[in-house]
Amino acid sequence: MSKLTAIERQKKIVEILRLLHEGGNFEVAKKIFNDSFEDVDVTEITSAERELIQSGLDPSEIQKLCNVHAAVFKGSITDIHRSNYEHEQPGHPVHTLKLENKVLSSLLNDEIKEDLEKLKKGDWSEKNRLENALKDLFQLEKHYTRKETLIFSYMEKYGISAPPKVMWGVDDAIREQMKEALLYLQDPKVAFNPLDEKLTDLINEIEEMIFKEEEIMIPMCLDVFSLTDWDKIAKDSLDIGFAFIPEPLVWHPSKEALEKEIENEPLRLANIERAKMTTEAIQTDLKENIPEEKHYDWEKEENTAEQIVFPTGILQLEQLWKIFEVLPVDLTFVDKEDRVRFYSESHHRVFPRTKSVVGRAVVNCHPPKSMSTVQKILDDFRAHERTEASFWINLHGKMMVYIRYFALYNENNDYLGCLEVTQDITEIQQLEGQRRLLDE
């Protein structure tokens with residue numbers, strides 16, 4: 001095998017991909033690759049796809065054949081990012097993602113495929129076992145949600161916006177396939193051949209996604225993400241949860257790794273620019289424009305007279321007030337001294353409020369027959385005997401009103417006060433079926 005120059009390698013990869021997109025034989029394409037290459041890295045593949053798009057290929061075709069692309073290069077993609085090996089440590093998001101994929105692969109191969117094979121032989125006694133395995137498969141939702149909410153967010157931060165969009169679309173297709181397969185298996189009229197087809201397609205898509213995550217997405221992310229990025233992803237992952245595994249160990253970048261990262265920063269910056277060039281070319285040609293993502297480090301912002309920095313984001317005071325106005329609930333805050341300190345002014349209040357209520361003892365805002373009940377709730381909150389109370393009433397025979405009280409405590413568990421939330425749920429009670437975002 002003669003050694004190809006970088007330009008020759010690029011031309012050969014483009015030739016292989018073009019052959020596939022023109023309907024060429026997969027085995028022929030695979031042979032051309034094997035005869036020409038020992039290995040290939042992710043950026044060479046994405047650069048070749050970019051060249052095809054610039055030459056007129058519909059970008060949707062890239063998504064359609066991404067499984068085929070992955071299959072051609074499977075087993076030959078090199079891991080080019082080795083500035084440090086922190087991602088091999090338990091608790092690192094990459095280690096966690098790969099561990100979940102390992103258990104997922106076991107679920108597919110050792111349970112679902114085996115059960116399906118027994119059904120094929122006419123042994124339907126394993127139907128319940130297969131159904132339970134498919135239900136376990138739904139844990140995949142947490143795996144995909146972490147990827148879409150956290151990994152994709154940081155990819156977009158560095159200008160890598162097109163690949164996440166393509167991958168998210170495949171994730172959603174897998175979600176639908178899982179639902180369809182389980183519903184069909186639970187159908188009393190279930191037959192083997194249609195079930196086999198649904199599950200085989202589902203398994204193939206999941207296995208291809210595992211490959212794309214580990215051989216394409218992760219290497220790209222390791223090239224551009226900083227250790228601080230990974231640290232934040234690990235922390236935020238706890239809010240979403242994990243699939244197939246217990247909560248992983250706590251991970252933070254080591255001092256040695258942080259020092260090594262400073263040395264390799266020029267390489268990381270070059271990788272960021274290279275990744276941005278690739279995705280910008282895809283984005284330019286996509287029929288549906290991908291909005292440009294603008295990220296900033298809001299956590300370093302400070303509170304001012306015009307804005308408040310919260311642990312989960314930042315809001316201008318005008319924005320905050322408008323949020324209170326459009327919320328479909330009425331909010332009233334009562335401080336630890338049992339006095340009203342704030343109420344929201346929504347467009348359709350259930351109970352009237354006036355500015356004179358601010359500073360008033362809350363028990364005096366209720367009719368005499370309710371005073372003792374209100375005071376008992378507040379006393380229980382203060383004593384930590386309960387943290388919430390709920391009531392619902394039919395108001396004048398025209399509206400069903402849901403009233404909830406929530407105790408507020410600080411980090412030291414000191415009582416701060418009570419939040420009253422009132423909502424007209426008349427229309428909510430009448431909802432039936434479903435109306436999804438895609439139905440809009």
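# Notebook: helix packing and cores

I began with the overall make-up and counted 16 helices and 7 strands in the protein. I note that this is a predicted model. I then looked up burial, and of the 440 residues 41% count as buried. For contacts between residues at least 6 apart in sequence, I found that 63% join residues at least 24 apart.

**Entry: helix 6 and helix 8**

I looked at how helix 6 (residues 93–120) packs against helix 8 (residues 140–157), and the angle came out at about 150 degrees. Their axes are 11 Å apart. Angles over 145 degrees count as roughly antiparallel, and helix 6 and helix 8 are therefore roughly antiparallel to each other. I noted the crossing of helix 6 past helix 8 as left-handed.

Which residues of the two helices meet? On the helix 6 side I listed Thr96, Leu97, Glu100, Asn101 and Leu104. On the helix 8 side I listed Leu140, His143 and Arg146. Sorted by class, this contact has 3 nonpolar, 3 polar and 2 charged residues.

**Entry: helix 8 and helix 9**

Next I took helix 8 with helix 9, which pack at an angle of about 170 degrees with axes 10 Å apart. This pair is therefore roughly antiparallel as well. From helix 8 the contact uses Leu140, Glu141, Tyr144, Thr145, Lys147, Glu148, Phe152, Met155 and Glu156. From helix 9 I wrote down Pro163, Pro164, Met167, Trp168, Asp171, Ile174, Arg175 and Met178. By class I have 10 nonpolar, 1 polar and 6 charged residues for the contact of helix 8 with helix 9.

**Entry: the nonpolar cores**

I then turned to the largest nonpolar core, which has 53 residues. Which of its members touch the most other members? They are Leu137 and Phe225. I checked which helices supply at least two residues each to this core, and the list is helix 6, helix 7 (127–137), helix 8, helix 9 (162–186), helix 10 (192–224), helix 11 (227–240) and helix 13 (265–285). Helix 10 gives the most, with 14 residues.

How values were computed. Residues are numbered from 1 along each chain as its sequence is written. This is a predicted model: local features need pLDDT of at least 70, side-chain atom pairs count only at pLDDT 80 or more; totals for chains, interfaces and linings use all residues. Side-chain values use heavy atoms; hydrogens and water are left out. Axes are lines fitted to C-alpha atoms, for helices over the stretch in contact, and angles run from 0 to 180 degrees between N-to-C directions. Helices (H or I, at least four residues) and strands (E, at least two) are DSSP runs, numbered from the N terminus. Angles under 35 degrees count as roughly parallel, over 145 as roughly antiparallel, 65 to 115 as roughly perpendicular and the rest as oblique. A crossing is left-handed if the near helix is turned anticlockwise from the far one by less than a right angle, and right-handed if clockwise. Contact means heavy atoms within 4.5 Å. Ala, Val, Leu, Ile, Met, Phe, Trp, Tyr, Cys and Pro count as nonpolar, Asp, Glu, Lys and Arg as charged, and the others, Gly among them, as polar. A nonpolar core is a set of buried Ala, Val, Leu, Ile, Met, Phe, Trp, Tyr and Cys residues joined through side-chain atoms within 4.5 Å. Buried means under 20% relative accessible area, exposed over 50%, partly exposed in between (1.4 Å probe, protein chains only).
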